[in-house]
Amino acid sequence: MKGKWRKIIQGLAVVYLVAFGIFYAVRPSWIDLQIENKIGYLDLYLKEQYPEETWEFSPVPHREDGYKHMNPYHIGVKFETEPEVEYKYFVINKDEIIQTGYSGGNESQIDLSHLEEE
């Protein structure tokens, strides 16, 4: 390619590379902001569902090595009355919050007080 088309293609390649670099530089901060918003929605939901209870959030540390394969939008919650069990929640928006499962505790334990049935 010569002349005008060569410069157009080179310009598009530079724009593409700059956009790609900006995307990967901004993406972790964007994920952090989204997780912060989702934790706020989840906190309101839990206050409504369990007004007498206290809890602690444990989001996926997606910026640390060893956690890259995990979905950062699944938020773990440990309730004070069940500290050995971590419940996982997925927040779509403030009106759609789904409990996706739990981990820890005695696996044969059936009376999990915060397990939400669908």
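Predicted model: local features only at pLDDT ≥ 70, side-chain atom pairs only at ≥ 80, totals over all residues.

Tutor: The discussion below goes from the sheet to the aromatic rings and then to the core.

Student: In what order do the strands of the open sheet lie?

Tutor: Helices (H or I, at least four residues) and strands (E, at least two) are DSSP runs, numbered from the N terminus; two strands pair if DSSP finds at least two bridges between them. Here four strands form an open sheet in the order β1-β2-β3-β4, with antiparallel pairing. β1 and β4 are the edge strands, each pairing on one side only. Five bridges join strand β1 (residues 55-59) to β2, five join β2 to β3, and eight join β3 to β4. β2 and β3 form a hairpin with two residues between them.

Student: How is a pair of aromatic rings described?

Tutor: A pair of aromatic rings is described by the distance of the centres and the angle of the planes. Rings of Phe, Tyr and Trp (its six-membered ring) pair if their centres lie within 6.5 Å; planes under 30 degrees apart count as stacked, over 60 as edge-to-face and the rest as tilted. By this rule the count comes to eight aromatic pairs. Phe79 and Tyr87 form an edge-to-face pair, because their ring centres are 5.7 Å apart and their planes stand at 70 degrees. The pair of Tyr87 and Tyr102 is tilted, at 6.3 Å centre to centre and 50 degrees between the planes. Tyr87 lies in strand β3 (residues 82-93) and Tyr102 in strand β4 (residues 96-104), so this pair ties together parts that are 15 residues apart in sequence. One aromatic cluster is formed by Tyr50, Trp55, Phe79, Tyr87 and Tyr102.

Student: Is Tyr87 buried or exposed?

Tutor: Buried means under 20% relative accessible area, exposed over 50%, and partly exposed in between (1.4 Å probe, protein chains only). Tyr87 is buried, with a relative accessible area of 0%, whereas Tyr102 is partly exposed at 31%. Phe79 is buried as well.

Student: Which residues touch the most other members of the largest nonpolar core?

Tutor: In soluble globular proteins, nonpolar side chains tend to be buried together. A nonpolar core is a set of buried Ala, Val, Leu, Ile, Met, Phe, Trp, Tyr and Cys residues joined through side-chain atoms within 4.5 Å. The largest one has 17 residues, of which Leu42, Leu46, Val77, Phe79 and Tyr89 touch the most other members. The elements giving two or more residues to this core are α1 (4-49), β2 (74-79) and β3. Its largest share, six residues, comes from α1.

Student: With which residues is Leu46 in contact, leaving aside its neighbours within four places in sequence?

Tutor: Contact means heavy atoms within 4.5 Å. Leu46 is in contact with Pro51, Trp55, Phe57, Val77, Phe79 and Tyr89, once those neighbours are left aside.

Terms used: Residues numbered from 1 in each chain as written. Heavy atoms only, no water.
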